[in-house]
Amino acid sequence: MPRNDLSYDELLAYAPALKAPSDLDAFWAATLAELEETPADVSLAPSGPSLRGVSCSTISFTSLGGARMSGWYLRPHEGEQLPGAVVYHGYGGRGARPLELYPLAAQGVAVLSIDCRGQCGEAGDVPTDGFGHARGWLTQGIRSPASYYYRSVYADAVRALDVLCAMDEVDESRVAVTGPSQGGALSLAAAALSDKPCFVWADIPFMCHLERGVDVASDGPYPEIAEFLRRMPDLVDTVWGTLSYFDNLVLAPWVTAPTVITAGLWDDVCPPSTIFPTFARLNTDDKQLRSYPFLGHDLTYEIDEARLITLLERLRP
(Lines give C-alpha, C1' and ligand atoms only; values in the text may rest on other atoms or scores of the structure.)
Protein backbone atom coordinates (compact mmCIF):
# COMPACT_ATOMS: atom_id res chain seq x y z
CA MET A 1 0.00 0.00 0.00
CA PRO A 2 1.96 3.08 -1.18
CA ARG A 3 1.31 6.63 -0.06
CA ASN A 4 -1.68 8.17 -1.84
CA ASP A 5 -1.97 11.45 0.07
CA LEU A 6 -0.02 14.69 0.30
CA SER A 7 3.73 14.75 0.86
CA TYR A 8 5.03 15.49 4.35
CA ASP A 9 5.90 19.10 3.47
CA GLU A 10 2.45 19.57 1.91
CA LEU A 11 0.82 18.12 5.03
CA LEU A 12 2.62 20.63 7.24
CA ALA A 13 1.37 23.51 5.08
CA TYR A 14 -2.17 22.22 4.54
CA ALA A 15 -4.66 24.56 6.24
CA PRO A 16 -8.26 24.02 5.04
CA ALA A 17 -10.94 26.54 5.88
CA LEU A 18 -12.77 25.97 9.16
CA LYS A 19 -16.50 25.47 8.49
CA ALA A 20 -17.99 25.76 11.95
CA PRO A 21 -21.79 26.11 12.20
CA SER A 22 -22.98 29.32 13.84
CA ASP A 23 -24.83 27.46 16.60
CA LEU A 24 -22.09 24.94 17.39
CA ASP A 25 -21.75 26.10 21.00
CA ALA A 26 -25.49 26.10 21.60
CA PHE A 27 -25.92 22.67 20.01
CA TRP A 28 -23.36 21.01 22.23
CA ALA A 29 -24.45 22.92 25.32
CA ALA A 30 -27.99 21.60 24.82
CA THR A 31 -26.72 18.07 24.18
CA LEU A 32 -24.58 18.04 27.32
CA ALA A 33 -27.43 19.53 29.36
CA GLU A 34 -29.67 16.69 28.18
CA LEU A 35 -26.95 14.21 29.15
CA GLU A 36 -26.62 15.81 32.57
CA GLU A 37 -30.34 15.36 33.16
CA THR A 38 -30.03 11.61 32.48
CA PRO A 39 -29.10 9.65 35.65
CA ALA A 40 -26.05 7.46 35.05
CA ASP A 41 -27.34 4.57 37.21
CA VAL A 42 -23.94 2.85 37.30
CA SER A 43 -23.78 -0.89 37.91
CA LEU A 44 -20.62 -2.92 38.57
CA ALA A 45 -20.35 -6.73 38.66
CA PRO A 46 -17.11 -8.63 39.38
CA SER A 47 -16.16 -10.61 36.29
CA GLY A 48 -13.26 -11.63 34.10
CA PRO A 49 -9.92 -13.30 34.81
CA SER A 50 -8.06 -13.23 38.10
CA LEU A 51 -5.23 -10.76 37.59
CA ARG A 52 -2.58 -10.02 40.19
CA GLY A 53 -3.10 -6.69 41.92
CA VAL A 54 -6.25 -5.76 40.01
CA SER A 55 -10.00 -6.23 40.39
CA CYS A 56 -11.98 -6.70 37.15
CA SER A 57 -15.64 -5.82 36.77
CA THR A 58 -18.11 -5.40 34.00
CA ILE A 59 -19.71 -1.97 34.11
CA SER A 60 -22.94 -0.58 32.75
CA PHE A 61 -24.47 2.88 32.88
CA THR A 62 -27.16 4.95 31.19
CA SER A 63 -26.34 7.59 28.62
CA LEU A 64 -28.11 9.93 26.20
CA GLY A 65 -31.60 8.86 25.19
CA GLY A 66 -31.71 6.18 27.89
CA ALA A 67 -29.32 3.85 26.05
CA ARG A 68 -27.54 1.43 28.35
CA MET A 69 -23.75 1.43 27.92
CA SER A 70 -21.46 -1.46 28.80
CA GLY A 71 -17.77 -2.06 29.25
CA TRP A 72 -15.05 -3.05 31.71
CA TYR A 73 -13.58 -1.41 34.79
CA LEU A 74 -10.23 -2.44 36.24
CA ARG A 75 -9.31 -1.14 39.68
CA PRO A 76 -5.82 -1.57 41.17
CA HIS A 77 -5.91 -3.09 44.67
CA GLU A 78 -3.40 -0.72 46.17
CA GLY A 79 -3.65 3.02 46.54
CA GLU A 80 -6.25 5.70 46.97
CA GLN A 81 -7.03 8.66 44.73
CA LEU A 82 -5.76 6.74 41.73
CA PRO A 83 -5.18 8.24 38.31
CA GLY A 84 -7.60 7.03 35.67
CA ALA A 85 -7.95 6.48 31.95
CA VAL A 86 -10.89 5.94 29.60
CA VAL A 87 -10.13 3.75 26.59
CA TYR A 88 -12.32 4.01 23.47
CA HIS A 89 -12.33 1.45 20.66
CA GLY A 90 -12.16 1.44 16.86
CA TYR A 91 -15.04 1.47 14.39
CA GLY A 92 -17.16 -1.65 14.42
CA GLY A 93 -15.22 -3.19 17.29
CA ARG A 94 -15.86 -3.54 21.00
CA GLY A 95 -14.45 -2.09 24.17
CA ALA A 96 -11.02 -3.20 25.35
CA ARG A 97 -11.20 -6.19 27.68
CA PRO A 98 -9.25 -7.01 30.87
CA LEU A 99 -6.05 -8.39 29.33
CA GLU A 100 -5.89 -5.39 27.01
CA LEU A 101 -6.40 -2.97 29.91
CA TYR A 102 -4.10 -4.77 32.34
CA PRO A 103 -0.80 -3.05 31.39
CA LEU A 104 -2.20 0.28 32.61
CA ALA A 105 -4.08 -1.13 35.59
CA ALA A 106 -1.02 -3.09 36.77
CA GLN A 107 0.83 0.24 36.99
CA GLY A 108 -1.75 1.71 39.36
CA VAL A 109 -4.22 3.30 36.92
CA ALA A 110 -7.99 2.78 37.21
CA VAL A 111 -9.13 1.98 33.67
CA LEU A 112 -12.58 2.06 32.09
CA SER A 113 -13.48 0.93 28.59
CA ILE A 114 -16.86 1.16 26.88
CA ASP A 115 -18.60 -0.43 23.93
CA CYS A 116 -19.89 2.02 21.34
CA ARG A 117 -23.65 1.75 21.13
CA GLY A 118 -24.95 -0.60 18.49
CA GLN A 119 -21.54 -1.82 17.38
CA CYS A 120 -20.00 -5.21 18.23
CA GLY A 121 -20.10 -5.04 22.03
CA GLU A 122 -22.89 -5.28 24.56
CA ALA A 123 -24.19 -1.68 24.37
CA GLY A 124 -27.56 -1.34 22.70
CA ASP A 125 -28.60 1.54 20.48
CA VAL A 126 -31.67 3.73 20.72
CA PRO A 127 -33.17 4.46 17.25
CA THR A 128 -32.70 8.11 16.36
CA ASP A 129 -34.97 8.62 13.36
CA GLY A 130 -37.18 6.81 10.92
CA PHE A 131 -34.92 6.93 7.87
CA GLY A 132 -32.53 4.44 6.37
CA HIS A 133 -28.79 4.83 6.00
CA ALA A 134 -25.81 3.24 4.28
CA ARG A 135 -24.38 0.10 5.84
CA GLY A 136 -22.32 0.83 8.92
CA TRP A 137 -23.02 3.67 11.36
CA LEU A 138 -21.49 6.73 9.73
CA THR A 139 -24.70 7.84 7.96
CA GLN A 140 -27.20 6.74 10.61
CA GLY A 141 -29.49 9.68 11.40
CA ILE A 142 -27.38 11.97 9.19
CA ARG A 143 -30.28 14.10 7.97
CA SER A 144 -30.12 16.18 11.15
CA PRO A 145 -27.48 16.97 13.79
CA ALA A 146 -30.06 16.21 16.49
CA SER A 147 -30.64 12.68 15.20
CA TYR A 148 -27.10 11.88 14.02
CA TYR A 149 -25.55 8.72 15.45
CA TYR A 150 -22.35 10.41 16.61
CA ARG A 151 -24.24 12.95 18.70
CA SER A 152 -25.09 10.06 20.99
CA VAL A 153 -21.66 8.43 20.72
CA TYR A 154 -19.82 11.65 21.57
CA ALA A 155 -22.16 12.09 24.53
CA ASP A 156 -21.42 8.49 25.58
CA ALA A 157 -17.70 9.30 25.52
CA VAL A 158 -18.31 12.22 27.89
CA ARG A 159 -20.56 10.11 30.13
CA ALA A 160 -17.80 7.48 30.44
CA LEU A 161 -15.46 10.20 31.67
CA ASP A 162 -18.05 11.37 34.18
CA VAL A 163 -18.56 7.81 35.44
CA LEU A 164 -14.84 7.20 35.92
CA CYS A 165 -14.29 10.54 37.64
CA ALA A 166 -17.16 9.78 40.03
CA MET A 167 -15.47 6.62 41.35
CA ASP A 168 -14.46 7.14 44.99
CA GLU A 169 -10.95 5.81 44.37
CA VAL A 170 -10.23 8.01 41.33
CA ASP A 171 -8.52 11.39 41.41
CA GLU A 172 -10.59 13.28 38.84
CA SER A 173 -7.77 15.76 38.24
CA ARG A 174 -5.65 12.94 36.78
CA VAL A 175 -7.78 11.26 34.13
CA ALA A 176 -6.65 10.67 30.54
CA VAL A 177 -8.45 9.53 27.38
CA THR A 178 -7.06 7.34 24.63
CA GLY A 179 -8.00 5.06 21.77
CA PRO A 180 -7.28 4.21 18.11
CA SER A 181 -9.13 5.35 14.98
CA GLN A 182 -12.76 5.84 16.12
CA GLY A 183 -11.31 5.67 19.63
CA GLY A 184 -8.93 8.48 18.72
CA ALA A 185 -11.87 10.50 17.43
CA LEU A 186 -13.76 9.94 20.68
CA SER A 187 -10.68 10.90 22.70
CA LEU A 188 -10.48 14.24 20.87
CA ALA A 189 -14.23 14.82 21.04
CA ALA A 190 -14.35 14.03 24.76
CA ALA A 191 -11.50 16.46 25.41
CA ALA A 192 -13.33 19.11 23.35
CA LEU A 193 -16.65 18.63 25.16
CA SER A 194 -15.38 18.05 28.70
CA ASP A 195 -12.75 19.71 30.87
CA LYS A 196 -12.08 16.46 32.74
CA PRO A 197 -9.22 14.98 30.65
CA CYS A 198 -5.78 16.05 31.81
CA PHE A 199 -4.14 14.32 28.85
CA VAL A 200 -5.12 12.92 25.43
CA TRP A 201 -3.38 10.26 23.36
CA ALA A 202 -5.30 9.82 20.10
CA ASP A 203 -3.98 7.19 17.68
CA ILE A 204 -4.67 7.56 13.93
CA PRO A 205 -7.93 9.42 14.69
CA PHE A 206 -11.12 9.12 12.66
CA MET A 207 -13.78 11.89 12.27
CA CYS A 208 -11.23 14.56 11.33
CA HIS A 209 -11.67 16.92 8.33
CA LEU A 210 -14.55 14.79 7.09
CA GLU A 211 -14.90 16.25 3.60
CA ARG A 212 -11.25 15.49 2.90
CA GLY A 213 -11.63 12.00 4.34
CA VAL A 214 -14.51 11.23 2.00
CA ASP A 215 -12.53 12.62 -0.94
CA VAL A 216 -9.33 10.63 -0.46
CA ALA A 217 -9.92 7.59 1.82
CA SER A 218 -10.09 4.43 -0.24
CA ASP A 219 -10.90 2.08 2.63
CA GLY A 220 -12.72 2.09 5.94
CA PRO A 221 -15.88 3.97 6.95
CA TYR A 222 -15.54 7.21 4.94
CA PRO A 223 -16.75 5.54 1.70
CA GLU A 224 -20.07 4.94 3.51
CA ILE A 225 -20.79 8.66 3.12
CA ALA A 226 -19.86 8.61 -0.56
CA GLU A 227 -22.13 5.61 -1.13
CA PHE A 228 -25.00 7.31 0.71
CA LEU A 229 -24.64 10.52 -1.30
CA ARG A 230 -24.31 8.59 -4.56
CA ARG A 231 -27.78 7.24 -3.86
CA MET A 232 -29.13 10.42 -2.23
CA PRO A 233 -27.58 13.29 -4.25
CA ASP A 234 -30.21 15.79 -3.09
CA LEU A 235 -28.87 15.47 0.48
CA VAL A 236 -25.29 16.65 -0.18
CA ASP A 237 -25.67 20.02 1.56
CA THR A 238 -27.70 18.48 4.37
CA VAL A 239 -25.05 15.83 5.04
CA TRP A 240 -22.14 18.27 5.14
CA GLY A 241 -24.18 20.56 7.35
CA THR A 242 -24.80 17.74 9.83
CA LEU A 243 -21.21 16.53 9.82
CA SER A 244 -19.85 20.00 10.57
CA TYR A 245 -21.08 19.61 14.17
CA PHE A 246 -19.05 16.41 14.67
CA ASP A 247 -15.87 17.08 12.72
CA ASN A 248 -12.86 17.13 15.03
CA LEU A 249 -11.31 19.69 12.69
CA VAL A 250 -14.09 22.01 13.91
CA LEU A 251 -13.98 20.89 17.55
CA ALA A 252 -10.17 20.95 17.81
CA PRO A 253 -9.97 24.57 19.07
CA TRP A 254 -11.97 23.44 22.11
CA VAL A 255 -9.25 20.94 23.10
CA THR A 256 -6.97 22.56 25.67
CA ALA A 257 -5.49 19.45 27.35
CA PRO A 258 -1.98 18.28 26.50
CA THR A 259 -2.33 15.98 23.48
CA VAL A 260 -0.37 13.44 21.46
CA ILE A 261 -1.70 12.35 18.06
CA THR A 262 -0.25 9.65 15.84
CA ALA A 263 -0.63 9.46 12.06
CA GLY A 264 0.49 7.02 9.39
CA LEU A 265 1.57 8.67 6.16
CA TRP A 266 0.35 5.63 4.19
CA ASP A 267 -3.02 5.49 5.97
CA ASP A 268 -5.84 5.00 3.45
CA VAL A 269 -8.57 4.81 6.15
CA CYS A 270 -7.82 7.99 8.11
CA PRO A 271 -5.57 9.86 5.68
CA PRO A 272 -2.87 12.06 7.19
CA SER A 273 -4.31 15.12 5.42
CA THR A 274 -7.33 14.78 7.72
CA ILE A 275 -5.19 14.52 10.86
CA PHE A 276 -2.46 17.15 10.34
CA PRO A 277 -4.79 20.19 10.11
CA THR A 278 -6.82 18.90 13.06
CA PHE A 279 -3.67 18.69 15.14
CA ALA A 280 -2.67 22.20 14.08
CA ARG A 281 -5.91 23.61 15.49
CA LEU A 282 -5.63 22.07 18.96
CA ASN A 283 -5.76 24.91 21.46
CA THR A 284 -2.73 23.90 23.50
CA ASP A 285 1.00 24.49 23.20
CA ASP A 286 1.64 21.12 24.87
CA LYS A 287 0.98 18.91 21.85
CA GLN A 288 2.91 16.49 19.70
CA LEU A 289 2.16 14.91 16.32
CA ARG A 290 3.99 11.62 15.83
CA SER A 291 3.92 10.72 12.13
CA TYR A 292 5.24 7.48 10.64
CA PRO A 293 6.34 7.49 6.97
CA PHE A 294 5.45 3.88 6.10
CA LEU A 295 2.62 3.20 8.53
CA GLY A 296 -0.89 2.56 7.26
CA HIS A 297 -3.99 2.30 9.43
CA ASP A 298 -2.34 0.21 12.08
CA LEU A 299 -0.20 0.54 15.18
CA THR A 300 3.17 -0.91 16.15
CA TYR A 301 4.77 -2.22 19.31
CA GLU A 302 6.82 0.95 19.51
CA ILE A 303 3.67 3.10 19.53
CA ASP A 304 2.04 0.88 22.15
CA GLU A 305 5.10 1.16 24.38
CA ALA A 306 5.40 4.93 23.94
CA ARG A 307 1.70 5.37 24.73
CA LEU A 308 1.96 3.36 27.95
CA ILE A 309 5.09 5.16 29.13
CA THR A 310 3.71 8.60 28.29
CA LEU A 311 0.35 7.96 29.95
CA LEU A 312 2.08 6.87 33.14
CA GLU A 313 4.34 9.92 33.09
CA ARG A 314 1.43 12.27 32.55
CA LEU A 315 -0.75 10.67 35.24
CA ARG A 316 1.80 10.77 38.05
CA PRO A 317 0.91 13.13 40.93
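L138 sits in the loop between β5 and α4, the helix made of residues 149-165. The model here is a predicted one. In it, L138 has a relative accessibility of 0%, which means that this residue counts as buried, the cut-off for that being under 20%. As for E34, 104 residues separate it from L138 in sequence, and the two C-alpha atoms are 23 Å apart in space.

S113 belongs to β5, which runs over residues 110-114. With a relative accessible area of 0%, S113 is buried too. Its side chain has a polar atom lying 2.6 Å from the backbone oxygen of A96. A96 also turns up among the contacts of S113 beyond four places in sequence, along with I59, S70, G71, W72, V87, G95 and L101.

Next comes helix α10, which covers residues 272-280. Eight of its nine residues are buried, so the helix is largely enclosed by the rest of the structure. The buried ones are P272, S273, T274, I275, F276, P277, T278 and F279. And what do they pack against? On the helix side, the partners are α1 (8-13), α5 (182-193), α6 (210-216) and α9 (248-251). Two strands join in as well, namely β8 (259-264) and β9 (287-292).

Now for the chain as a whole. It holds eleven helices and nine strands, and 55% of its 317 residues count as buried. A compact globule with 317 residues would have a radius of gyration near 20 Å, and the 19 Å found for this chain agrees with that. Laid along its principal axes, the C-alpha trace spans about 55 × 45 × 30 Å.

Terms used
Residues numbered from 1 in each chain as written. Predicted model: local features only at pLDDT ≥ 70, side-chain atom pairs only at ≥ 80, totals over all residues. Heavy atoms only, no water. Helix = DSSP H or I, 4+ residues; strand = E, 2+ residues; numbered from the N terminus. Rg over C-alpha atoms; globule rule 2.2 N^0.38 Å. Buried < 20%, exposed > 50% of the residue type's maximum accessible area, 1.4 Å probe, protein only. Contact = heavy atoms within 4.5 Å. Polar contact = N/O pair within 3.5 Å; in protein donor to acceptor, adjacent residues only side chain to side chain.
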